[in-house]
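Student: I've got a structure open and I'd like to learn how to read it. Could you walk me through a few features?

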Amino acid sequence: MKIGIVNFLRIVLRIFYIFPIKDNCFFFESFNGKGYNDNPQYISEYLSNRHKQYRQIWSFRNNIFKTVVTPTNIKKVKTGSFLYMYYIMTSRVIITNDFFSPIIPIRKSQILVNTWHGGGFFKKVAMTSKLPSRYMEWYYHKQNQMISAFVASSQYFIKTVVRDSFLFTGDTIHCGMPRNSVFFKELPNVKERLRNYFGVPFEDNSLLVLFAPTFRGCSEQGVLSMSDENLDVKKVHEAFEVKYRTKVYFLYRAHHAIVNNKLSGNYLDATAYPDMQDLLYCSDILISDYSSCMWDFGLMNKPIFVYAPDLQYYENSTGFFKDVDEWPYPIGRNNKELLDSILSFDYSDFINRNTKCMAELVSYENANATDLCVEWIFNKKQTI
């Protein structure tokens with residue numbers, strides 16, 4: 001019945017086919033309209049700087065529509081509105097880091113590029129997860145009829161996520177994620193701006209430690225929450241200061257889907273900071289669990305620690321592409337293990353393991369990711 005309803009709505013929405021496609025329009029959406037960020041933002045800013053003749057339309061959900069800050073050259077539309085449907089159905093190029101509703105009948109003469117929002121070898125998704133279904137399989141087949149290409153962060157990503165998880169058999173752009181191009185450049189102004197934002201001295205020898213956990217699932221009450229054994233911020237903070245013999249500032253960025261997102265202890269709340277890549281670029285050390293931000297951070301060869309008190313549950317309920325024992329990062333299943341791994345951390349061993357891992361996955365990440373992605377789009381436009 002669900003498939004039947006979707007197919008019916010796809011037929012109804014073809015009424016928008018009466019409007020011609022606008023060759024100079026780019027339509028953007030990030031995390032289904034939740035913000036102006038991630039890979040779509042980097043492509044959008046690239047166009048603003050180098051190809052100003054193109055019109056840009058961004059979709060935002062109603063709750064942030066009035067407050068989200070965007071450049072003045074961008075037209076905003078509310079996700080799901082009539083204007084949303086009009087522009088998504090008439091823009092020549094569509095950029096997203098997720099999937100659109102399958103009711104939207106994207107035309108074959110449109111170019112839809114899915115940049116996705118994570119790389120690496122961590123949690124399984126879609127058809128490789130523990131609970132694939134008949135509807136899910138139909139859903140991804142329908143999505144793949146609309147998508148022109150996926151941006152690929154690595155050869156491993158193409159195999160495990162694009163092909164096996166999303167069942168996509170079409171083109172892949174071997175450029176790396178546009179958002180990660182900043183990790184291959186020297187951007188001292190970003191570090192100064194971020195430290196000023198948090199009131200952290202820029203010219204001292206202090207370290208920034210970022211804790212950025214991923215989505216952790218639902219409790220029996222349906223409330224999103226962290227594991228019962230929360231990170232001991234005070235002891236972790238002290239362990240890093242002992243290890244590196246310098247002052248440490250602790251930043252915490254909660255996942256946007258977590259309701260109970262507070263920690264006990266003294267930390268700087270980075271949840272509302274607009275650009276995750278800025279946080280990664282400026283931080284000296286990362287603590288995470290199963291988040292693909294570890295892949296991003298690893299491109300800079302900076303220390304990464306995994307804090308995963310619910311590892312067994314997550315492995316049983318979601319699963320991982322690569323066995324956790326093969327990850328190049330030390331793993332703490334409780335606070336004591338994490339503290340021990342901090343105090344005994346061997347940077348040379350970490351570099352060797354991380355470099356080997358990147359080579360095995362055949363990383364495509366590089367400083368020109370956005371250029372290469374846009375070049376592919378322009379070449380595609382010429383063939384239509």
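This is a predicted model: local features need pLDDT of at least 70, side-chain atom pairs count only at pLDDT 80 or more; totals for chains, interfaces and linings use all residues.

Student: Is S91 buried or exposed?

Tutor: The cut-off for buried is under 20% relative accessible area. S91 comes out at 0% relative accessibility, so it counts as buried.

Student: How far is S91 from I285 in sequence and in space?

Tutor: S91 and I285 are 194 residues apart in sequence, and their C-alpha atoms are 41 Å apart.

Student: Now pairs of helices. How do I describe how two of them pack?

Tutor: For two packed helices you give the angle between their axes and the distance between the axes. Take helix 1 (residues 2-12) and helix 4 (residues 134-146): their axes come within 11 Å and cross at roughly 20 degrees. Angles under 35 degrees count as roughly parallel, and helix 1 and helix 4 are therefore roughly parallel to each other. Their crossing is right-handed.

Student: Which residues make the contact of helix 1 and helix 4?

Tutor: Helix 1 brings K2, I3, V6, N7 and R10, while helix 4 brings R134, Y135, W138, K142 and M146. Sorted by class, that contact has 5 nonpolar, 1 polar and 4 charged residues.

Student: Why do the positions skip along a helix like that?

Tutor: An α-helix has 3.6 residues a turn, so residues three or four places apart point the same way.

Student: Can we do a second pair? At what angle do the axes of helix 7 and helix 11 cross?

Tutor: Helix 7 (residues 233-244) and helix 11 (residues 335-343) have axes that cross at roughly 15 degrees and come within 9 Å. That angle makes helix 7 roughly parallel to helix 11. The crossing of helix 7 and helix 11 is right-handed. From helix 7, K235, V236, A239, F240, V242 and K243 meet L338, L339, I342 and L343 of helix 11. The residues of this contact divide into 8 nonpolar, no polar and 2 charged.

Student: Let's look at loops. Where is S206 found?

Tutor: S206 is found in the loop between helix 6 (188-198) and strand 8 (207-211). It counts as buried because its relative accessibility is 7%. Its side chain makes polar contacts with the side chain of R195 at 3.1 Å and with that of D204 at 2.7 Å. Beyond its neighbours within four places in sequence, S206 is in contact with V200, P201, T246, K247, Y249 and D284 as well as R195.

Student: And W327, buried or exposed?

Tutor: With a relative accessible area of 1%, W327 is buried. W327 is found in the loop between helix 10 (311-317) and strand 13 (331-332). Leaving out residues up to four places away in sequence, W327 touches several residues, among them F121, F122, Y290, M294 and R353.

Student: Last one: backbone angles. Which value does phi of D38 take?

Tutor: Phi of D38 is near 60 degrees, a positive value in a residue other than glycine. D38 sits in helix 2 (residues 38-50) and counts as buried at 11% relative accessibility. L167 also has phi near 60 degrees. L167 lies in the loop between helix 5 and strand 7 (171-173), and with a relative accessible area of 23% L167 is partly exposed.

Conventions:
Residues are numbered from 1 along each chain as its sequence is written. Side-chain values use heavy atoms; hydrogens and water are left out. Helices (H or I, at least four residues) and strands (E, at least two) are DSSP runs, numbered from the N terminus. Buried means under 20% relative accessible area, exposed over 50%, partly exposed in between (1.4 Å probe, protein chains only). A polar contact is a pair of N or O atoms within 3.5 Å; within protein, one must be able to donate a hydrogen and the other to accept it, and residues adjacent in sequence count only if both atoms are side-chain atoms. Contact means heavy atoms within 4.5 Å. Axes are lines fitted to C-alpha atoms, for helices over the stretch in contact, and angles run from 0 to 180 degrees between N-to-C directions. Angles under 35 degrees count as roughly parallel, over 145 as roughly antiparallel, 65 to 115 as roughly perpendicular and the rest as oblique. A crossing is left-handed if the near helix is turned anticlockwise from the far one by less than a right angle, and right-handed if clockwise. Ala, Val, Leu, Ile, Met, Phe, Trp, Tyr, Cys and Pro count as nonpolar, Asp, Glu, Lys and Arg as charged, and the others, Gly among them, as polar.
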